[in-house]
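The following report treats a predicted model.

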Amino acid sequence: MQKFRLILVLIISMLFGFGTSIASTLEDRKEAIKKMETYTPSEEQTQRKARSESILKAEKVPYIEHLPVIESEIEANIQDENEVELRALCLVVVAVKGEGLEQEVIDDLVSRYGLAKHLTPKENAFISNPSPTQHDKIQFVWRYESAWVMLWALGFIEELPRPDQIADVPRLAEIVRSNTTESFQAKGKLRKPSELLDQADLIYRYHWAVTDARINGREPPAGLDGSVVYERHYSLNWLIGYMDESWDDISTDT
């Protein structure tokens, strides 16, 4: 089913003709909105939301109680373990390219890990560009944060730290460097859906807080790093299959 938190998005698309990929016809969109308006969260969802709000309250991070629940375990479309492993490797390679590593080395990494077929269109365009813009380099360097989330999801990282600090890039690089594609896939074990959804729910609410602060001209609350929050939300939404979007097109609705 479509996500409860997309009611406003669907209303806008219905009024202005956007978002036909969400619902292909006017009647479809009306029906989707009608279902959402009567959507009753499960106990699992309300308890997950309550746990997240308890963490935010303890950290003095603002939140709004009417921010909806996210999908349940039944509704979520969790990514396949093998896809997560390959996504992690792709993210590391594009981040390294963003740091300015020589093209010859990048090409070797893509070949060594067998990633050519697994890079997204945007990643492939960046990887194959011998002279990417500084803006693009910066954008892809931030994919270290996404790779860090994938390593956590696969059990290489025991705990996903609070999003007030950047990823431990040296540790991340060592985990990847010390493995072949085969050994990396053999070691990676995707966490339970409940763990992924717990983190997705929490980052959703963190993202609301930093977005609200930005809109109102304030610094992110409680020391949160807005860029880390965004990348983590992006990554976790992909992991739980939010709106069934491909990596290049992930939404981070708040």
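## Arginine 232

Arginine 232 touches Val149, Leu160, Pro161, Arg162, Pro163 and Ile203, leaving aside residues up to four places away in sequence; contact means heavy atoms within 4.5 Å. Its place is in helix H12, residues 226–239 (helices are DSSP runs of H or I of at least four residues, numbered from the N terminus).

Arginine 232 is buried but has no salt bridge. Buried denotes under 20% relative accessible area, exposed over 50%, and partly exposed in between, with a 1.4 Å probe and protein chains only. A salt bridge requires a side-chain nitrogen of Lys or Arg within 4 Å of a carboxyl oxygen of Asp or Glu. The nearest side chain of opposite charge, glutamate 145, lies 4.9 Å away (Lys and Arg count as positive, Asp and Glu as negative; His and the chain ends are not counted).

## Nonpolar core

The largest nonpolar core has 63 residues, of which Leu115, Met150, Phe184, Tyr206 and Leu239 touch the most other members. Such a core is a set of buried Ala, Val, Leu, Ile, Met, Phe, Trp, Tyr and Cys residues joined through side-chain atoms within 4.5 Å. Helices that each supply at least two residues of this core include H8 (143–153), H11 (193–215) and H12. H4 gives the most, with 11 residues.

Phenylalanine 184 touches, among others, Glu85, Ala88, Leu89 and Phe156, not counting residues up to four places away in sequence.

## Glutamate 83

Glutamate 83 is found in helix H4 and is partly exposed, with a relative accessible area of 37%. Glutamate 83 and glutamine 185 are 102 residues apart in sequence and 9.8 Å apart in space, C-alpha to C-alpha.

## Basis of the values

Residues are numbered from 1 along each chain as its sequence is written, and side-chain values use heavy atoms, without hydrogens and water. In this predicted model, local features need pLDDT of at least 70 and side-chain atom pairs count only at pLDDT 80 or more, whereas totals for chains, interfaces and linings use all residues.
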